[in-house]
Amino acid sequence: EYEGLDDADRRIVIEIYRMRSPLDAFGIFSSMRGFADSKRTIAPWPDTYCAEGSCYLFRERCYIRLGVSRPEKEVYTQLSPFVEAIEEAMPPTGDPLPPYAYCFGKHGDREGLAYVAEGDPAHPLRAGFFMRKKGFASSAKVIIYTKRRSEAEAVREFSALVCGGGDSFAMLRSGEYQSAVRGP
């Protein structure tokens, strides 16, 4: 926590969380960012989201939150020097996400990409899946996808989704040949 020499009530708080894996860190970052269209990056961090007095960053196994007690101007302007200091201390070592994370998008493009590490009843897949917001001719859709450890595990989950109840929409593909659509 830092406070201004001229104004002790103006504080900047920096929280750095080192997670078990890059996917866990990206999951927290992407849940805070969501699919927000108003994204402001702080160079050289491609994974930055600033809103309401806070900036959220993702770098490999770390999720970072920087907050300003009284934002007087755009928050990223106030926090840029702190982000630059963190950048110097934590240079990137490579892309921390697995290659399959970029299905339905360009490699390295994390705009509109989210990861759900823990199970969420609002989504049809169990824990460990990606969501990508994509624009189609009629409207934007969210595509949910994942990679499982074995074909048998993927087929079990595929079957549970296809045979499950409810009227939610799902388009699925398992292996090379199975695909299905359920719901409206």
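Tutor: Let's start with the term itself: a salt bridge is a side-chain nitrogen of Lys or Arg within 4 Å of a carboxyl oxygen of Asp or Glu. With that in hand, look at Glu1, Glu3 and Arg11, which are joined in a network of such bridges. Keep in mind that this is a predicted model. In total, the structure holds 8 salt bridges.

Now for some pairs. Arg110 and Asp47 bring their side chains together with N and O 2.8 Å apart. That pair ties distant parts of the chain, 63 residues apart: Arg110 sits in the loop between α2 (75-89) and β6 (113-116), and Asp47 in the loop between α1 (22-33) and β3 (48-51). Arg110 counts as buried, at 12% relative accessibility, and Asp47 is buried too, at 4%.

Next up is Glu15, which pairs with Arg65, their closest N and O atoms lying 3.7 Å apart. Glu15 is partly exposed, with a relative accessible area of 26%, and Arg65 is partly exposed at 23%.

Last, take Glu153 and Arg149, whose side chains meet at 3.4 Å, N to O. Glu153 is buried, with a relative accessible area of 11%, whereas Arg149 is exposed, at 78%.

Technical notes: Residues numbered from 1 in each chain as written. Predicted model: local features only at pLDDT ≥ 70, side-chain atom pairs only at ≥ 80, totals over all residues. Heavy atoms only, no water. Buried < 20%, exposed > 50% of the residue type's maximum accessible area, 1.4 Å probe, protein only. Helix = DSSP H or I, 4+ residues; strand = E, 2+ residues; numbered from the N terminus.
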